[in-house]
Amino acid sequence: MFARVVWLVLRKDLMVEVRSLEIAYTTLFFAVSCVLVFAFALVREGRAPEDGAAGILWISIAFSGTLALGRAFERERQSETLRALLLAPAPRPAVYVGKLLGIVALLAAGEVVLVPLVALLFQAPLFDRPVWLATILLTGTIGFSAVGTLFAAMLVRARSRDVLLPVLLYPITVPVIIAGVRATTTLLQPELEVEVLRFWLALLVCFDVVFVTLALWTFEPLMTD
Amino acid sequence: MNTGEARPAAFDVLTVEDVSRHFGRRRAVSRVTFSAPQGTIVGLLGPNGAGKSTMLSMLATLIQPSAGRILYGARDAVSHGPGLRGLIGVLGHDLFLYPELTARENLEFFGGLYALADPKAAATAALERAGLLDRGDDPVSSFSRGMRQRVALERALIHRPRLLLLDEPFTGLDDASAAGLVARLRTIADDGTMLVVATHDLDLVDGLFDRAVFLRDGRMVAEEDRPSALRATYRDVMTRPQQAGPTNRAGT
């Protein structure tokens, strides 16, 4: 039952997005704009600042991710479909996981464009160790989205949700973003320090486990009243 | 229709006992009591802010009463909420449909959420009942309000609920669509489903209700069985000075 509901919600979210492409276009445009602004501001005479690429990549992911989270739940609010999801006898944590995977898929699709752009504009060797990079991006994106999905669902009826979401989300996800930046920076060094990289990756996995567990635990009571 | 999984035991009466709901210091619903036996249509009538939608949210198990209790047969929502949700259908003022998806995809999605054994067959049957079999593969965003309402009603009924809750179901419908909806609601009740309808459209529902519950400022001010001349009764009840308790006009 749990896995089936997760799949139903995920498939529905992806179908809606494929039909409208609203979130994909807006978040991608925003993320690319963000990277370009940093590039214009920081790249001087064709030389990018050292170690800047990792921070710029994660800032772009966080900013565009916030936009995607807000829109994904705004869509559920417009026709009150979130209410319909909560009225179904399906396990509510499964609804949360389905929404979370949908957000992760959207952000991952955006990262496919963002990573080459950052690599190109900031001359960063991001593709030298693609498996490590994919692991860092995936664990960081899950951690960020786990908190974001919970907060976006909580705030869906709040009048000032667009302001409150980043205000609440960034302080809590700062550890994830810092760990993501440090792991990516380590990856970009000429000599890979595997132990250091493992430390930051382990930290990201820990954040994922804690945030997802807390969200699964609190989603049902938070959505009930 | 086979749901494919153990369906929770059905109930044959809805009982609302002295139910109140407060939001902070604001009293949304205060000491409301009524019951709905199997196959009856109960109207919740009252002006804006009377507490009708809050009452429906409590009946739907979305929010819990601050005091009193709601019994579905012998069970209450506090301890049996998730199991009971499979027996309740809700048609809100907003239609609970994804406009980007087709009518069939919407119905199949909700059929899946309600664990129906064959959501595709259930969706086809629902489209047939809605008279929209030929438009089933069109996105809901291309439908008129009346067509959307018909899909939304079938979405609320796709799991064959015992209790159907409707919040302002006639909003935006033309006369023909509204008359069609009234006839459909009667058929649903005749099949044994309990219906609770919150509405302002008194002329449309005249003669539809088996019981009318009149709410004002969250309080239940009157209750009448098989009300006729609903608008006159409503005007009479709403202009009368508030009493300590509700008036039962049954048999008057």
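View 1. From the N terminus on, the elements of chain A go α-α-α-α-α-α-α-α. The radius of gyration of chain A is 18 Å, close to the 17 Å that the globule rule gives for 225 residues, so chain A is as compact as a globular protein of that length. (That radius is taken over C-alpha atoms, and the globule rule is 2.2 Å times the number of residues to the power 0.38.) Keep in mind that this is a predicted model: local features need pLDDT of at least 70, side-chain atom pairs count only at pLDDT 80 or more, and totals for chains, interfaces and linings use all residues. Residues are numbered from 1 along each chain as its sequence is written, while chains are lettered from A and ligands numbered from 1 in the order in which they are written. In total, chain A has eight helices and zero strands; helices (H or I, at least four residues) and strands (E, at least two) are DSSP runs, numbered from the N terminus. Taken along the principal axes, the C-alpha atoms of chain A fill a box of roughly 55 × 35 × 30 Å. Of its 225 residues, 47% count as buried; here buried means 20 or more other C-beta atoms within 10 Å of the residue's own, exposed means 12 or fewer, and partly exposed is in between, with C-beta atoms placed from the backbone.

View 2. (The expected span is 1.5 Å times one less than the number of residues.) Which residues of α2(A) are buried? They are A:Ile23, A:Thr27, A:Leu28, A:Ala31, A:Val35 and A:Phe38. Looking down the axis of α2(A), these fall within an arc of 110°, so they line one face of the helix; the arc is that of the directions from the helix axis to the C-beta atoms. An α-helix has 3.6 residues a turn, so residues three or four places apart point the same way. Turned away from the buried side are the exposed residues A:Tyr25, A:Phe29, A:Val37, A:Phe40 and A:Ala41. The cover over the buried residues of α2(A) includes α1 (2-20), α3 (52-78) and α5 (92-121) of chain A.

**View 3. Chain B, with helices and strands.** Chain B has eight helices and eleven strands. Its radius of gyration is 18 Å, close to the 18 Å that the globule rule gives for 252 residues, so chain B is as compact as a globular protein of that length. Along its principal axes, the C-alpha trace of chain B spans about 55 × 40 × 35 Å. Of the 252 residues of chain B, 47% count as buried.

**View 4. Helix α6 of chain B.** With 16 residues, helix α6 (residues 175-190) of chain B reaches 23 Å from its first C-alpha to its last, close to the 22 Å expected at 1.5 Å a residue. Its buried residues are B:Ala178, B:Leu181, B:Val182, B:Leu185, B:Ile188 and B:Ala189. They cover an arc of only 125° around the axis, which puts them on the same side of α6(B). Facing away from that buried side, you'll find the exposed residues B:Ala176, B:Ala183, B:Thr187 and B:Asp190. Among the elements covering the buried residues of α6(B) are β3 (41-45), β7 (163-167) and β8 (194-199) of chain B. Just after α6(B), B:Gly192 takes a positive phi of about 105°.

**View 5. Inside the nonpolar core.** The largest nonpolar core has 151 residues, and those with the most contacts inside it are A:Val118, B:Leu165 and B:Leu195. (Such a core is a set of buried Ala, Val, Leu, Ile, Met, Phe, Trp, Tyr and Cys residues joined through C-beta atoms within 7 Å.) What does B:Leu195 touch, leaving aside its neighbours within four places in sequence? Its contacts are B:Ile41, B:Val42, B:Leu164, B:Leu166, B:Leu185, B:Ile188 and B:Ala189; two residues are in contact if their C-beta atoms, placed from the backbone, lie within 7 Å.

**View 6. Where the chains meet.** The contact takes 23 residues from chain B and 19 residues from chain A. On the side of chain B that touches chain A, α2 (77-85) and α3 (103-113) of chain B each supply at least two residues. The largest share of that side, four residues, comes from α3(B).

View 7. B:Asp18 has a positive phi of about 55° although it is not a glycine, and it is found in strand β1 (residues 13-23) of chain B. With 13 C-beta neighbours inside 10 Å, B:Asp18 counts as partly exposed. B:Arg226, also not a glycine, has a positive phi near 40°. B:Arg226 lies in the loop between β10 (219-225) and α8 (230-239) of chain B, and with 11 C-beta neighbours inside 10 Å it counts as exposed.

Notes: Core = buried A, V, L, I, M, F, W, Y, C linked by C-beta atoms within 7 Å. Expected span 1.5 Å × (residues − 1).
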